Amino acid sequence: MTIGVWILGNQLSTTQAALVSCGTDKIPVILIESLNHVQVRPYHKQKLVLIWSAMRHFAEELREKGYKVTYEITDDFAVPLEAWIKANKITEMRVMIPADRPFMQLIKDMERQYFPSLECKINLVPNNHFLWTTEAFKSWAQGRKSLLMEYFYREGRRKFQILMAGDKPVGGEWNYDKENRQRPKGKLNTPGAKWFEPNEITQEVIKHVNSLNISTFGKLNDKSNKFYWGVNRSQALEVLDWFIHVRLAGFGPYQDAMIMGEETMWHSMISPYLNIGLLHPLEVVEAAEKAYREEQIPLNSGEGFIRQVLGWREYMYGLYHYVSEDYSQNNYFNHKQPLPEFFWTGETKMNCLHQVISQLLNTGYVHHIQRLMILSNFALITGLSPQEVESWFHSAFIDGYDWVMQTNVIGMGLFADGGILGSKPYAASANYINKMSNYCKGCSYNYKARTGDNACPFNFFYWDFLDRHREKLATQGRMSFILNNLDKMPVEELEAIRKLAGDWLFLNMDLSHAESQSRR
Ligand code: SF4
């Protein structure tokens, strides 16, 4: 019997389960760059570079360790797999279970279609790139009335003994979120991001990606949008170390702030590395805890960061595999607007969206509040189709995967699941954006106005959203205060808001006037 391991592009770790299951045997392994696979949607060019360069670096690392590595650059997966299986007389192909459901389906389809004639069986090894297995999450979730993240997070703290003092949380509280929302005042002088100059392998991949004749998102040309991400484990570890010792202390208070020219603030920027296996979540949370205990990192920073990795990230993965497969089709508010063109170009007079989408085009990354309170918030209050928005997020972000984006966008960002995940929709007017950023200072709209020529679209769409979905929102307890304010609004003002919202959609969404006015 000969065992071979197929390593997927987001499983780039020497401790990944399929490799580990072979012990010290230097078995044949295969990695495949598939051109067909990256045409499922127009991915960010820098994501293609990250994955393919990291795969090529990982293949080198495995070769140096003595593995017999086959590396294929081709159209699909089936043809090179078949050739590799035959050439190496492989009778058992091991694959670590993919994090994404569609890729699991792809493997099952191949198994049915090609493997019967190959005399080779597929052995799927449980994924070990997360702290919670999908089964452990199911056991936690089953029978619960509420699946709120906070309860899951507390269970994770106990289970992995992170930031615990006996059976109590250190500091006496589980969650210091209230101390994570400081308003930015003036320039904050945030430490610059940890980037890397592309080496020869990466430069080759950049040339390759720029030469492809396929639909993509984002930029990869001149100095301002060059590729600066790390591409191997040692660089990912450098970024982690730099975050822990340079940025973590300042992360807590300003993690929700947004400042022009200081885009990545004190954020860790490790999600692209975590999501392809270059870092493991346990080493990340342990490093943050160690820094809290040994280096006087403030608790609201240490806990705030650990909550994102041990709490939110694990919760997203667990929930994605727990909910039914049609979760992605949820559309609680029945929103159907297509994406406006500026989601692909960043060309809009709304400065907040212009800044965020421009940064995204240049790097493939913006932080969680820019994702939630600028991009998702705008999509929610204008009534964009949740499925189109989810697909766009998956396209645009360097750390985007099916398991990341479905629950984050459909559930958290757009409340399209009707509250499985969140306790209320994250809808906000310009008041929040002005409070947490300096975007409004450079904007041609007036963040204070909700009607009139210069009214900020976030204002009239916010009230229009509340008005359009009043009945559904009334069932969400946490919305009663704001709905009372809606009820107190003069009829003429509400009429003006409805008209502004309809006119804006007519001008920006390529809809007929009747469509834009009758979408209610
Ligand atoms: Fe965004 Fe409105 Fe502020 Fe302009 S005024 S930056 S559109 S929130």
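Helix 13 (351-363), helix 17 (430-436) and helix 18 (457-468) each supply at least two residues of the shell around the ligand, where helices (H or I, at least four residues) and strands (E, at least two) are DSSP runs numbered from the N terminus. The largest share of this shell, three residues, comes from helix 17. In total 14 residues surround the ligand, the closest being Met-350, Cys-352, Cys-440, Cys-443 and Cys-456, and a residue counts as near a molecule if its C-beta atom, placed from the backbone, lies within 6 Å of it.

This is a predicted model, in which local features need pLDDT of at least 70 and side-chain atom pairs count only at pLDDT 80 or more, whereas totals for chains, interfaces and linings use all residues. Residues are numbered from 1 along each chain as its sequence is written.

Helix 11 (residues 299-322) and helix 16 (residues 402-413) pack with their axes 9 Å apart at an angle of about 90°, the axes being lines fitted to C-alpha atoms over the stretch in contact and angles running from 0 to 180 degrees between N-to-C directions. The two helices are therefore roughly perpendicular to each other, a term that covers 65 to 115 degrees. Helix 11 contributes Met-316, Tyr-317, Leu-319 and Tyr-320 to the contact, and helix 16 contributes Trp-403, Val-404, Gln-406, Thr-407 and Asn-408, with contact meaning C-beta atoms, placed from the backbone, within 7 Å.

The residue classes are as follows.

| Site | Nonpolar | Polar | Charged |
|---|---|---|---|
| Shell around the ligand | twelve residues | two residues | no residues |

Notes
Nonpolar A, V, L, I, M, F, W, Y, C, P; charged D, E, K, R; others polar. Parallel < 35°, antiparallel > 145°, perpendicular 65-115°, else oblique. Contact = placed C-beta atoms within 7 Å.
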